[in-house]
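Colleague: I have a new model to go through. Can you walk me over it?

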Amino acid sequence: MHSLSEAVPTTGRYRLLGHPTDLAGHVATLGPAPLPSGSARGWHEAFVSVLEASGLAGRGGAGFPSAIKLAVAHAAGRGGTIVVNAMEGEPASDKDKLLLIRSPHLVLDGAQLLAAATSAQRVTVCVPAGREQVASAVSLAMAERAAAGCAPVQEVMVRPPDRFVAGEESALVRWVESGRSLPSFRPDKGTPLHIGRKGALVHNAETLAHIAMIARTGPEAFRAHGLVEDPGTSLVTISGAVEHPGVVEVDRGTPLIDIANRATPIGAPQALLVGGYGGSWVDPVHFTTPYASLSLRAIGATAGVGIVIVLGQDACGLVESARVAHYMAGQSAGQCGPCVYGLPAIADDMTRLARGHVDPGLMARLERRLREVDGRGACRHPDGAVNLVRSALGVFAADLADHVGGAACGRGNRPSQLRFPQTKRAA
Amino acid sequence: MIRILIDPAACDAYGYCAELLPEAITLDEWGYPVVDGKPLPPELVDTARRAARDCPRRAITLRERKGGR
Amino acid sequence: MSSTDLWYATRASGLMALILLTLTMVLGITTTTRARARNWPGFAQQEMHRRISMIAVVFLGIHVVTSVLDTFVNISWAAVVIPFTSSYGTFWVGVGAIALDLMIAVFVTSLLRARMRPGTWRALHWLAYLSWPVALAHTFGMGTDSRESWVIVLGIVCVASVAAALAWRLREVSRQASARTAHASVTGVPPKHLVLSARSRAGSRRA
């Protein structure tokens, strides 16, 4: 294994945040991006082997191995696009916003490296409409790079609509291509995405930042953190019943409760919501579970996007989950029957449950709907919502028994501890 | 082994497939098809091809699944 | 076959074709989604639509062939497909030719359905709707039997059936549309992305 960088490698802990934001400072501290110079043959093989050796998996929620994704895109041919996915549709996530405001050059360097590896002709950064602070930071960074000649492949920014599914990678590519944010049905995971006839490689902003760091420091610096099966670090947004909500940088494999504690929970957490509104609730008995894909799957949860929400003692998990279910239902792209009709029906059942208006068939009906909706959309949106609701029914089983018995817990009228954007009726 | 694959984004709940192949496809409470996961018996393959051909939205494809999953 | 036999064959097959075409139209217009929700065998209806259209084409074939073979009036083979070139009944035979051309287009595109995008096929198939009023005009414009009371009644029944089918379809579509809008206002899902009635909204590339 060899490092691609000739410049001074980073000293100290591997990290994405805390570096200078401006281009000059970025290059002075971290060195220039180790792009191929001239016709450096062997650069491609070196880059691919570094990426593979690092074991980096995507940080956008799917956790797909980045080296494999690169191979698929490379096979799609030259002249494609590198799409920087900064859509961050999960309302409880702030990591990508922060990364683009504080370390935009890391993200853009990562995109340039992938552009070099796939002979792409453009880097397209997707920032949702309405997020003006992020957009200005990206604009400024792109201007600095263009002026200094640090962008061999042209960098542009586009502003897709601020909707949850707009960040799904096939929907994002479809929007760039035709202006409509509609996910595509992709039964074969190995097929590359396209914009027109050219390939499109979509990556979460944080994943690109990792690629830029790993290319400079080599895979060992990344693997020095985290676990063997889930290496490196992750940015996690902590919110909910905590004194200091915000984004932290943690090693993969850190126990969940240690992550939550970094934000100083107010009182003992009743439960943790890991992975966002498409993620899962975690019971206190599993609070020491390592934050890693396999460990979380073993307890029936998913890592998803780097989000940990702390549910305080005086909230009702079922009420909050009903709110999430309604939010997720409203965020459907409107293409697939099971999602368009199934999610609101599930949200409806959850609301009845939350209010204690339980008819005798409710639980059976809810279970049936969860089973029927799961996996029957073109994208994973309904799966996420189903996952959230199922985990709520498991983790809040005691409350469930009370609610089904007809006694609402009285905690339902409290304001939500979760964040929901203003519901916009999109045009 | 033939597997029936339905594109949920294309499907508009005409229900013709369930009419033709009730042994393999049922409709959920909103009229959308649920394909049962069992492999398709050989005697139903021709009917399945017909359902795929006659779907007004061309949402159905048939896939060969080699060996077991 | 005498000229008279041919003439009767032309008239009879023409009227049969009109009746069968009307039936095809009614079956086609009343095809909507979610037929199963109304416990209606939508696939069987679609099959009927197809088969009846083929029988209509057979009668149309007889109508066209016998009209050309009939030596009493001069209608050339070319005049059958090129409108307004017949020396006999130039205008109304021409109208018939237009109807025939539209129907040939629909028939051919239906055979090639698998090779074109659903949106294209649908647009071409809607051309069929145009051929029916043109065929109706030809029937009554030619004048051969159109003053017979039973033929007039037949014409009225054909028009009424298609009108009723259209009215039903429009009502069904607007009913489904308002159900969708109501659903959208509750869930916040943008209505234009929801299931649309006649437009192609397939997962494949859009026009």
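Modeller: First, a term. Helices and strands are DSSP runs, numbered from the N terminus. Also, this is a predicted model.

Colleague: Okay. Where does Glu243(A) lie?

Modeller: Glu243(A) sits in the loop that joins strand E6 (233-240) to strand E7 (246-251) of chain A.

Colleague: Is Glu243(A) buried or exposed?

Modeller: Exposed. Glu243(A) has 8 other C-beta atoms within 10 Å. A residue counts as exposed at 12 or fewer, so Glu243(A) qualifies.

Colleague: Which residues does Glu243(A) touch, leaving out those up to four places away in sequence?

Modeller: Ala263(A), Thr264(A) and Ile266(A). There is also a distance for Asn261(A): its C-alpha atom and that of Glu243(A) are separated by 9.9 Å. Those two residues are 18 apart along the chain.

Colleague: Switching to the whole of chain A. What domains does the assignment give?

Modeller: Domain 1 covers 23-223, domain 2 covers 233-311 and domain 3 covers 317-404.

Colleague: How many residues go into the contact of domain 1 of chain A with domain 2 of chain A?

Modeller: Domain 1 of chain A puts in 13 residues and domain 2 of chain A puts in 14. The C-alpha centres of these two domains of chain A are 26 Å apart.

Colleague: And which element gives the largest share on the domain 1 side?

Modeller: Helix H4 (residues 95-102) of chain A, with three residues. On that side of domain 1 of chain A, the residues split into four nonpolar, four polar and five charged.

Colleague: Stay with H4(A). Why is it described as largely enclosed by the rest of the structure?

Modeller: Because six of the eight residues of H4(A) are buried. Here, buried means 20 or more other C-beta atoms within 10 Å.

Colleague: Which residues of H4(A) are buried?

Modeller: Lys95(A), Asp96(A), Lys97(A), Leu98(A), Leu99(A) and Leu100(A).

Colleague: What do the buried residues of H4(A) pack against?

Modeller: Several elements of chain A. Among them are helix H5 (104-118), helix H6 (132-148) and helix H8 (205-217). Strand E5 (198-204) is on the list too, along with E6 and E7.

Colleague: At what angle do H5(A) and H6(A) pack?

Modeller: About 60°, with the axes of H5(A) and H6(A) 10 Å apart. That makes H5(A) oblique to H6(A). The crossing of H5(A) and H6(A) is right-handed.

Colleague: Which residues make the contact between H5(A) and H6(A)?

Modeller: From H5(A), Pro104(A), His105(A) and Leu108(A). From H6(A), Ala137(A), Val138(A), Ala141(A) and Arg145(A). By type, the contact has five nonpolar residues, one polar and one charged.

Colleague: New topic, chain C. How do the axes of helix H4 (residues 90-111) and helix H5 (residues 118-142) of chain C cross?

Modeller: At roughly 155°, and the axes come within 8 Å. Angles over 145 degrees count as roughly antiparallel, so H4(C) is roughly antiparallel to H5(C). H4(C) passes H5(C) in a left-handed crossing.

Colleague: What kinds of residues are in the contact of H4(C) with H5(C)?

Modeller: 17 nonpolar, six polar and no charged.

Colleague: Last one. How many residues of chain C are in contact with chain B?

Modeller: 13 residues of chain C, and they meet 16 residues of chain B. Helix H2 (residues 42-69) of chain C gives the most to the chain C side, with three residues. That side of chain C has seven nonpolar residues, four polar and two charged.

Terms used: Residues are numbered from 1 along each chain as its sequence is written. Chains are lettered from A and ligands numbered from 1 in the order in which they are written. This is a predicted model: local features need pLDDT of at least 70, side-chain atom pairs count only at pLDDT 80 or more; totals for chains, interfaces and linings use all residues. Two residues are in contact if their C-beta atoms, placed from the backbone, lie within 7 Å. Helices (H or I, at least four residues) and strands (E, at least two) are DSSP runs, numbered from the N terminus. Ala, Val, Leu, Ile, Met, Phe, Trp, Tyr, Cys and Pro count as nonpolar, Asp, Glu, Lys and Arg as charged, and the others, Gly among them, as polar. Domain bounds come from an automatic or database domain assignment. Axes are lines fitted to C-alpha atoms, for helices over the stretch in contact, and angles run from 0 to 180 degrees between N-to-C directions. Angles under 35 degrees count as roughly parallel, over 145 as roughly antiparallel, 65 to 115 as roughly perpendicular and the rest as oblique. A crossing is left-handed if the near helix is turned anticlockwise from the far one by less than a right angle, and right-handed if clockwise.
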